Structures are given as structure tokens and as C-alpha cells.
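Work through these exercises with the model open beside you. Try each task before reading its solution.

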Amino acid sequence: MPTYSEWNTALIEHVTEGAPTGSTVYLESSDETLLRVGVQRWGQPAGQGGWRGDFLAAVQENSVWKGRVATEWMLATDNKSRPVGVAFLSAMVLAASQMATDAGGTVHERNYFRRLSDVLGVPLDSQGRPPGLAAGTEEPLWQAWLAYLQRRGLNSTARGGEGPRRFISYPISQTLIPEGERQRLRRLFVERAYPLSWDGDTLASHLRGDGVPSTKLRELLSRTGLAADDVQHALLDVFQSHHLSLLNGTMQDGEYAAAVGVRHLMAGLYRSEHWRTGDPEYQLFPRQPRGVRRADLSVNLQQGPIALVFERPGYFHAVGEVTPSELTSGANYPVTGSPFVDTLMLPAREFWMLREDPDAQGMYASLGTPGVGEHMLLVLKETLLGDVERFRDEGLLAWKDRPEPLGNGWLELHELMVVGNHWHEVTAGTARALYEALRPPGGMGIHLEGGVRAQRAGAYLEGAPPTVRVMSFSMDTYLTVYRDQEEVYTSSVRPGDVLDVPIRQPGAYELIVEARGVTASRLLTVLSWDALKARVLPDEFIEGTEVNGCRILGAQIFG
């Protein structure tokens, strides 16, 4: 039976591995989560209670003493500076995960502590809480989790509520798509027969265009930036789980397959230019899977097997070649190395929105949803050009130069940017999915430009931070900056201006922009020069390059 510490490590890795820098993290914990984590790490459960029962036994053994909950020792960290209270927090989230939601997506929390007492194996005390867990006792554990994620360049979504809901809101906030919403989505997938070949972006665009039956789902689909990418990932997970469950005859087998069945890796595009001719070249840009334990994966392309090498948080190095015909038809490539991943899938789409790679000027890639005021490279079928030109004529879009043909009916539009917010006044025509993808739900964004980046993605060096711009369609816009969870700046700002904000000192910063009740956030880390570490070269690069009898390795020449 795994120990509490092993569960703590497994759950941290489950929610953080594969998360791109700056993305939000939900400490989701459900029966399906525990089954997936348990099977991937330790195989089939031994006891009748399954991996849920094993997890609860480990939590109860280490958090309950003589009938009272004891959490003081959980404020420590392990030998890798990870908070040791995460498994306990996961138990709190587990208690909230099966709570009902209404059509507005509201979670009913009146019975939360009864559910929590069942999870912890203790009765309620006279205050209606588990004995020893006084109001606010758990909040330092949530704050430790938030601080850990920020050090890693990730954003915790755990937030307290107002008044009597302050502490209950922490665990309730950690279920991105509650079980009630998952059931609504599964019914939609059955009714609409969406094809399995869709990726998260395409799925979200069609859900926005076709409509969803609850306020909660509409709110999720209105998120922007990296928060939108998190929603797309979660929607895709529900979508793939739904299809996996359909492949099995009984409900029990279907639920098991949905939790631990084989999933697809999704590939985006990486665009570079030929060093001599300047012609565009496209490669597969595989996303790291979230919720799947990291393994040494290889993909079988036409030229043979190629290892999928970690490139940056959330992504593998670009591999292979993507032709215009493959853009049209999509492609599937066998993957080996993990029993839980079998295919790298390039979805067949009508368009791709590519952002400039912050680590490689002039390169563009599938790096999430472009923000307001951000230029993008739009790759689209010629059949959509008429609608896109109509959007431009209506003052919604602008781009540079003429469309560049790629072949096989595909075009590139360079430096395209959304310049208008009156999308509700313009019909989508035949480009419904593209219309929904281009339409900015929040109407604002935070842009970081320049600065000296450290080796760790998302971090900048002390004394050389990026400049900050807030882009918004509303002039009534406010920016607040937090450094290590303490407010250091708040002011109204003019959209488009370069802002002088206090982000020069080392620390973990969160920038939050708000306009008309809508918010958007951006994380960045500033490192001291002392924090820089020499990068260890892989063995295959240590030999360097031989030129005229000398060996060149970086800036060094060996005779």
C-alpha cells in the first residue's frame, strides 16, 4: 500500500506535469483521478475499496490522531521543497467533488463538512466540523500550495470565499468541471456526435457556437489566454473519456476505461522558415499530456521512430514535417513508451492560430490562444478567406500584406490582430468555428515585451524585467500587481501604454487586469543573478563539432 508521502508526491506530479508555464492548476481530486493516479503508478488496486480506499486509509492514518484531525505537521516540505499537505488538501477536494450543481453551475455546500467527516473517518463536532479542524486551520496549507506553484511559474486557482464561505470555497474551487457539468457535457456529446478527431480548441469553439446548457459551462468557455487553454484541456479530457466509455459494454468497464484508458497526444504546428529560401516549413508540435505520468515516449514517423524530447513545460520538441495535404486530412502517428498513450494526433482543422515563440523570434507555434492586442499568424483554408475579409471590412480584424499561398488550398495571413469588439453585430457566415475562436471573450490581455529571460521558461533576470502593456477594449481598466502574494501596485491604466510597474526585484509576481467586472491575469518570476545555474549538456552534445582537426564546443575550441 502506498504511503501518505507517496500519494502526496503522485498527486502533485499528476496536476503539474505537462502544465505550460503560466497556466493555472486545479488540484482536482475525484474517484476517477485517484483511479488514474493509482493505476498509472502502482497498477491494479489490491483491496476492495480500490485506489480511493487506499488513498483514504493513508490520509486518515496520517491526519487523524485519537479522533481529532491534526494538520500542524503538514506545514513542512519534503526533500524536494514540495508541501506535504497536498494529499490532505486533495481529500478535502474529494469531499467536494461529488457535490451536486444546479443549472447555474452552483455547488451546494451545505453538506460539505458531513462529506468531509466521512472522508476523514471522524464524526462532526458540536460546531459542525471534523474535530480538530477549526475554522481557518486549513488555510495555511492552501497558502503553502499557492506559494509552491508560483515558484514553479504556475498559478493556483484555489481561492477563499466571502464571509462564512471563505474556507469552504478553497476545496470547492478546485474542481474545474464538476461532476454535474461532466454529465451535461456527455449528454451533449451523445446528441451532437462530435468526432473524436477534434482537439480541445476545436471542441471549445463548437461548444461556444452550438451553445451549452448551464451558466458554469458558459463561464468556462468565456475564459481567455492560458485559462482558456486549461478549459480546453479539461473539455478534451471529458471528451476522450466519453469516447473511451462508449467502447466498453458495461457501466463498470466503461468507467474504468474512461479513467485509465489509452489517450491521444495532440499535436499543434511549429512554423519556421528555410534558412536559405525563407519558405515556410511546418512541423508537428506535440503537447505534453496532463494527467498522464511522464514516460520516455517515441513517435513513429515516415522516416522512422523519433524520441519525444521535453522542450519546455507543456510541450515536446517539434518533430517531423507537416505538408499542406496533412493539414487538410489530419494525421495519426503511433506512439510507444507508455501503456496510456498510443497515438500522436494532428487534427484535421480548417484553420490554425499561431503565436510568436517567445524563445525564438520569427518562429510561430500553437502556443495557446492569442490575447487581445497580440499579432498572430493565421493559417486557414481558402474557403474561409471570404468570411475573414468580411470580418476585416467590418472593422474586427486587420493584417499585413496579401494572403500567402501554402498549397493544397491553404493560406497564411501575417500579423493578424483582432481590432474590434463588436462581434455580436456581425454574423459568422460559414466560418462559425473561426468566428468563435477569433472573438475575444474577455476583451483584455496583459503583454510582456523585451527583458532578459533566464534559462527557466517564464523567468526574467533581476534588473532586466520586461515592459508591461495592458490591452483592453475598455478605457476603464485597472491593473494590480502582487509580489509573493503581497500587493505592491494598483492603478487605473490606459490600454496600450507602456507601464512603469515595480517588477524589478526578485520574486513571484501576479499581474491582474480588471475592466467591467472581467479579469485576466499573467504570472512572471524575476530571478536574482545568483540563482542562475550552469546548464548541463546532454551526452550527445558534449563531443561538439570537429572543424579542421579542432573540436568546437560552444565558445570553447579544443585542439
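A crossing is left-handed if the near helix is turned anticlockwise from the far one by less than a right angle, and right-handed if clockwise. Helices (H or I, at least four residues) are DSSP runs, numbered from the N terminus. The model is predicted: local features need pLDDT of at least 70, side-chain atom pairs count only at pLDDT 80 or more, and totals for chains, interfaces and linings use all residues. Residues are numbered from 1 along each chain as its sequence is written, and side-chain values use heavy atoms, with hydrogens and water left out.

**Exercise 1.** Describe how α4 packs against α5.

*Solution.* 
- Step 1. Find α4 (residues 86–97) and α5 (residues 112–120).
- Step 2. Read the geometry. The angle is about 130°, and the axes lie 8 Å apart. Axes are lines fitted to C-alpha atoms, for helices over the stretch in contact, and angles run from 0 to 180 degrees between N-to-C directions.
- Step 3. Classify the angle. Under 35 degrees is roughly parallel, over 145 roughly antiparallel, 65 to 115 roughly perpendicular, and the rest oblique. The pair is therefore oblique.
- Step 4. α4 passes α5 in a right-handed crossing.
- Step 5. List the contact (heavy atoms within 4.5 Å). α4 supplies Phe 88, Ala 91, Met 92, Ala 95 and Ala 96; α5 supplies Tyr 112, Arg 115, Leu 116, Val 119 and Leu 120.

**Exercise 2.** Which residues of α8 and α9 meet?

*Solution.* 
- Step 1. Locate α8 (residues 179–192) and α9 (residues 200–210).
- Step 2. Their axes come within 13 Å and cross at roughly 85°. That makes α8 roughly perpendicular to α9.
- Step 3. Leu 185, Leu 188, Phe 189 and Arg 192 of α8 meet Leu 203, Leu 207 and Asp 210 of α9.

Key:
Helix = DSSP H or I, 4+ residues; strand = E, 2+ residues; numbered from the N terminus.
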